[in-house]
Amino acid sequence: MADANGQIFEQLIVNQAAVVSHGCCACGNAYASNAPGDRALCASINPEQNLYLFCAACGDAIMAHVQADAVRGRYTWDWVVPLRGRPLPNVSA
Ligand SMILES: [Zn+2]
């Protein structure tokens, strides 16, 4: 992408960045507290676009039952890592 002066900069594309303070939406279990983190399934449900996050075990069970491609498209696998420090003041948790 070029800035106002026409310079080209490398850009990082980030699918999603969010801070969550709850466990799995299905079983309530917390995610890993160690640095490598945990695999998690994210569901985006229109129209409110709320983020629903499920642990790997619940996510696998959910995806095993989702048959329609249109519905499968609402789910994406992601990774949850513990946040060190505090989120920025303008970031809702
Ligand atoms: Zn779970």
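Strands E1 (38-45) and E2 (50-55) pair in the antiparallel sense over 6 bridges; strands are DSSP runs of type E with at least two residues, helices are runs of type H or I with at least four residues, and both are numbered from the N terminus. Two strands are taken to pair if DSSP finds at least two bridges between them. Within this pairing, Ser44 stands opposite Leu51 in E2, and the bridge partner of Ile45 in E2 is Asn50. The model is a predicted one, in which local features need pLDDT of at least 70 and side-chain atom pairs count only at pLDDT 80 or more, while totals for chains, interfaces and linings use all residues. Residues are numbered from 1 along each chain as its sequence is written.

E1 also pairs with strand E3 (residues 75-80), again in the antiparallel sense and over 6 bridges. In E3, Trp77 is the bridge partner of Leu41. The 3 strands form an open sheet in the order E2-E1-E3, with antiparallel pairing. E2 and E3 are the edge strands, each pairing on one side only. From one strand to the next the twist averages 35 degrees, where axes are lines fitted to C-alpha atoms, for helices over the stretch in contact, and angles run from 0 to 180 degrees between N-to-C directions.

The protein chain comprises 2 helices and 3 strands, which follow the pattern β-β-α-α-β along the sequence. Of its 93 residues, 10% are buried. A residue is classed as buried if 20 or more other C-beta atoms lie within 10 Å of its own, as exposed if 12 or fewer do, and as partly exposed in between, with C-beta atoms placed from the backbone. Contacts are defined by C-beta atoms, placed from the backbone, that lie within 7 Å. Among contacts between residues at least 6 apart in sequence, 57% join residues at least 24 apart.

The largest nonpolar core has 8 residues: Cys24, Tyr31, Ala40, Leu41, Cys42, Leu53, Phe54 and Cys55. Strands E1 and E2 each supply at least two residues of this core. Such a core is a set of buried Ala, Val, Leu, Ile, Met, Phe, Trp, Tyr and Cys residues joined through C-beta atoms within 7 Å. Leaving out residues up to four places away in sequence, Leu41 touches Phe54, Gly59, Ile62, Met63, Tyr75 and Trp77.

Ile62 lies in helix H1. With 16 other C-beta atoms within 10 Å, Ile62 is partly exposed. Beyond its neighbours within four places in sequence, Ile62 is in contact with Leu41 and Phe54. The C-alpha atoms of Ile62 and Ala26 are 9.7 Å apart in space, for a separation of 36 residues in sequence. Val66 is placed in the loop between helix H1 (56-65) and helix H2 (69-72). Val66 is likewise partly exposed, because 14 other C-beta atoms lie within 10 Å. Its contacts, not counting residues up to four places away in sequence, are Val71, Arg72 and Tyr75.

The average pLDDT of the protein chain, the predictor's confidence in each residue from 0 to 100, is 83, and 80% of the residues score at least 70. Confidence is highest in H1, at a mean of 96, and lowest in H2, at 88. Where pLDDT is low, the predicted coordinates should not be read in detail.

Technical notes: Contact = placed C-beta atoms within 7 Å.
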